[in-house]
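Here are some notes to read alongside the coordinates. They go from the whole chain to one helix and then to one part of the surface.

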Amino acid sequence: GVKFFLWTSQWGRFTNTGPIKGKGDLFYFVHTTLWAFLPWSFAGFFALFKKTKEIIKRKSTGETYSYFGFITLFLIFSFSKFQLSFYLNPLFPLLAIITTATLLDARIKTLKIFSVIHMVVCCFLAVGLLALNYFFLNTLPYIDTIIIILAGFTAGFYLFSKRGIYLKKILFATAMVCLSVNYYVNRDFYPALMHYQAESEVAYYMKTNNIPADKIVFVGPIQSVADIILHHVTTVVDNDTVEKADVSDKYVFTSPEGRNKLDSLGMKYSIIKTFEDFPVTRLTGKFINRKTRSAEVEPKYLMKVNPADFRIPVVDVTTR
């Protein structure tokens with residue numbers, strides 16, 4: 001209820017006394033900011049350092065609301081025992097204000113250095129995009145993606161090639177390259193990646209093939225995201241506690257361990273479809289590489305279980 005949402009779930013995460021626990025890392029959000037705020041993370045850290053130095057020396061630094069708002073929340077999140085990368089999302093606008101203000105007041109020499117850094121970062125992004133597409137998909141992107149990438153990279157690197165205009169290089173040229181990369185990631189990469197989230201794939205399969213949501217049982221340690229897609233709270237049963245009555249005459253979605261459990265119960269079933277599953281929020285190089293991916297994914301099965309026979313066998317005790 002209200003107590004869980006306002007106290008247990010929130011303060012419990014900070015003190016590690018809630019239902020969700022973590023280990024906590026004081027520098028977790030430091031290295032998370034490094035990649036999450038790319039390509040402006042280097043300029044962002046520089047802006048924070050410069051602003052902190054000015055405040056310590058009591059120089060005139062203009063508005064400080066953005067700085068103290070960012071630092072206060074950043075420290076709170078850093079000391080929390082449970083941490084997730086998206087906790088930084090509400091802090092990015094504050095960091096963007098600090099970074100932009102610092103760059104607007106920076107000397108030409110400083111802007112020149114950061115324009116070179118951003119051009120190098122954009123080059124790495126271009127190489128990374130090509131490598132990602134080659135190793136993960138090895139197919140041409142959609143035609144609209146190709147157009148966006150060519151236009152964005154051409155405009156971005158054209159600005160980088162111009163003399164001077166360092167601020168435009170840091171802000172606009174970099175933004176064009178990043179928007180192009182993000183377009184590819186959201187248009188081509190993520191849709192292909194989500195095919196390996198078996199729980200959502202089985203939900204879409206059920207909707208397409210008109211399988212009733214109240215007839216599905218998830219067997220095993222599965223955190224089902226199918227509830228949102230199916231608009232129905234699905235039944236989840238642990239491998240150790242599943243009984244015949246739980247799955248009799250039902251559709252079952254499970255892993256190889258759950259399938260073995262049904263075999264041990266003597267249940268008869270037919271496999272409707274096999275899905276490839278991988279924790280898509282924790283990507284690895286072996287999974288990204290299509291040549292080694294098959295060894296990293298786990299099969300998940302959508303099965304139709306036959307009705308169980310609950311009749312008590314009759315024992316003939318007639319003496320001869």
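1. Among contacts in the protein chain between residues at least 6 apart in sequence, 69% join residues at least 24 apart. The model is predicted.

2. The secondary structure of the chain consists of 14 helices and five strands. Of its 320 residues, 38% are buried. The chain exposes about 19600 Å², and carbon and sulfur atoms supply 63% of that area.

3. Helix α8 covers residues 143-161. Its 19 residues should span 27 Å at 1.5 Å a residue, and the end C-alpha atoms are 27 Å apart, so the two values agree.

4. Which residues of α8 are buried? They are T145, I149, G152, F153, G156, L159 and F160. These residues lie on the same side of α8 because they cover an arc of only 130 degrees around the axis. An α-helix has 3.6 residues a turn, so residues three or four places apart point the same way.

5. The cover over the buried residues of α8 includes α7 (108-137) and α9 (166-193). On the face turned away from the buried side, α8 carries the exposed residues I143, I147, L150, T154 and S161.

6. A nonpolar surface patch is formed by L26, F27, V30, L34, W35, L38, F42, F45, L75 and F79, which together have about 940 Å² of accessible area. Helices α3 (28-36), α4 (41-56) and α5 (65-79) each supply at least two of the patch residues. The most come from α3, which gives three.

7. V30, one of the patch residues, is in helix α3. Its relative accessibility is 33%, so V30 counts as partly exposed.

Definitions and conventions. Residues numbered from 1 in each chain as written. Predicted model: local features only at pLDDT ≥ 70, side-chain atom pairs only at ≥ 80, totals over all residues. Heavy atoms only, no water. Helix = DSSP H or I, 4+ residues; strand = E, 2+ residues; numbered from the N terminus. Expected span 1.5 Å × (residues − 1). Buried < 20%, exposed > 50% of the residue type's maximum accessible area, 1.4 Å probe, protein only. Arc of directions from axis to C-beta. Contact = heavy atoms within 4.5 Å. Areas by Shrake-Rupley, 256 points an atom, 1.4 Å probe, with all protein chains shown as cover. Patch = residues over 30% accessible without salt bridge, like charges linked within 9 Å, V, L, I, M, F, W, Y side chains within 5 Å. Salt bridge = Lys/Arg side-chain N within 4 Å of Asp/Glu carboxyl O.
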